[in-house]
Amino acid sequence: ANETPQWRPLLHYTPRRNWMNDPNGPFFYKGVYHLFYQYNPEAPEWGNMSWGHATSTDMLHWHEHDVALPFSETKDIFSGTVVVDKHNTSGLGTTDNPPLVALYTSVFKKNASNAPDVQAQSLAYSNDEGRTWKSYHKDPVLTLSPPSPHFRDPGVFWYEPGDYWVMATVVANAPKVKLYKSTNLTDWTLLSDFGPVGLVQPGIQWEMPSLFPLPLDGNPTQLKWILMLGVNPWGVSGGSGSIYYVGSFDGTTFRPEGLPPEGAGPAAYDWVDHGADHYAAIVFAGLPAARPVTIGWMSNWDYASQVPTAPWKGQMTLPMTMALRTIDGRPQLCLTPDGHYTALVAAHAALSFDGMRLSSERRLLPEPARGQVMDIDIRMHMHGADRAGIFVRATVDGHVGTKIVYDMKKQTLTVDRSRSGQTGFSPRFSHEHSVSVPAPAGEVSLHVIVDRNSVEVLSRNGSVVMTDLVFPPADAERVMTFSENGMTEFSHMKVTLLDRNQE
Ligand code: FRU
């Protein structure tokens with residue numbers, strides 16, 4: 001395929017070449033962020049699954065390293081997590097130089113001694129700050145009996161109140177989450193099963209479980225537990241998507257609160273992201289509890305292999321800090337771009353277009369509001385308009401652009417990428433994604449992050465996020481505001497160009 005540098009994101013991680021899916025084992029240690037990921041070292045298509053590796057000091061500029069956990073004749077390496085074993089509970093390091101411990105899924109290939117295609121949990125560790133990894137002598141450390149071909153994606157964390165490690169895994173097709181405990185990361189005993197419950201639909205797979213606590217409304221005495229899962233298909237915008245449940249965890253069992261009635265469809269559930277391209281999100285280990293940062297794979301299993309980028313395929317979302325806030329009377333997960341990103345934006349001069357009033361018209365933002373990578377902050381007040389919003393990555397003539405529109409009658413926010421550029425590479429590349437955003441007074445705030453091939457829209461305190469890939473022509477660099485069937489005031493409109501005059 002022809003190379004597509006015009007779609008190489010500036011702010012989002014991509015491997016130099018070849019295929020990438022899920023983030024794996026992200027952790028922060030000694031001032032460095034580590035990111036591993038599902039990687040095919042040999043081709044821009046899924047296969048030969050291994051853990052690729054990149055490091056960064058701000059999660060915006062990444063340095064790619066050699067493959068950390070390579071596939072072999074006998075097994076592929078599927079997703080998992082890394083923990084910093086501070087107290088050397090595993091005995092695989094010392095307390096002075098604590099080991100980094102990766103729990104990942106081994107997929108034992110046919111013709112290996114194990115039963116065909118068995119998935120089980122394995123351990124690797126590093127004594128040199130993540131540079132090199134050794135396999136634990138006992139492999140795997142956790143198998144289902146009877147062995148299962150669907151048992152994967154260990155998400156491990158330290159459960160402080162109980163003084164033990166907890167591992168969440170899935171039996172993807174059951175679908176269920178299984179929780180285990182361990183005091184040394186190598187011997188695991190079953191705590192409980194979660195599921196099938198919640199969003200259960202024909203053919204659904206649960207993948208990539210993360211269980212973590214968040215204080216409700218910043219109140220540490222009101223700790224809730226979040227179970228974040230990838231579901232595929234039946235994502236709220238089609239294909240794969242990131243769902244979450246809010247509940248309690250007593251060290252043994254996760255109990256969700258406020259579940260929709262049995263049989264309810266995807267729209268009745270809570271989603272980390274309502275766009276099409278957010279999946280397999282997990283949480284960084286080694287960061288303070290007050291700064292829980294998540295990162296996801298910015299693609300969708302419906303069309304990931306057809307995405308027209310080369311020589312790489314696959315990219316990550318921006319890292320986002322999570323909080324749990326009461327909105328509309330119930331706890332909702334809220335995402336904000338991580339502080340490093342906010343600092344990057346603040347270090348650039350912003351262009352202001354405050355107080356613009358539009359009546360049933362489109363208006364191109366004047367130069368210099370022009371670029372392929374930008375941060376846009378908007379507060380609009382609809383005075384009679386039916387719909388209002390912006391086009392990003394738009395051409396001057398308005399023929400191309402990704403539309404971000406609020407609909408007053410429907411009270412919904414929509415990202416429409418039907419005219420965003422290249423869309424025909426897969427019939428499953430969905431065009432419109434909508435989410436309910438109540439704004440009876442017509443006041444809507446939007447934070448839009450535009451990169452060379454993506455749009456991330458945040459609203460309502462980050463409780464609404466929509467992440468979509470787009471493949472615009474390089475000359476689609478403009479922003480166009482619009483108001484349909486009436487007046488809209490853009491009381492605040494700030495554009496920060498991130499690909500000009502910097503670095
Ligand atoms: C999620 C997933 C995981 C699995 C990995 C394989 O996208 O299917 O369940 O471990 O990808 O690459």
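This report walks through the pockets and the cavity of a predicted model.

The model is predicted, so local features need pLDDT of at least 70 and side-chain atom pairs count only at pLDDT 80 or more, while totals for chains, interfaces and linings use all residues. Residues are numbered from 1 along each chain as its sequence is written, and side-chain values use heavy atoms, with hydrogens and water left out.

On a 1 Å grid over the protein atoms alone, a pocket is an open set of points with protein on both sides within 12 Å along at least five of seven lines, a cavity is a set where a 1.4 Å probe fits but cannot get out, and lining residues have an atom within 4 Å of a point. Points are joined across faces, edges and corners, and a volume is the space filled by probe spheres set on them.

| Space | Volume |
|---|---|
| Largest pocket | about 1000 Å³ |
| Second largest pocket | about 520 Å³ |
| Largest cavity | about 50 Å³ |

Of the 40 residues lining the largest pocket, Phe 157, Trp 158, Ala 285, Gly 286 and Leu 287 lie nearest its centre.

The lining of the largest cavity includes Asp 273, His 278 and Glu 456, and S19 gives the most to it, three residues.

Technical notes:
Helix = DSSP H or I, 4+ residues; strand = E, 2+ residues; numbered from the N terminus.
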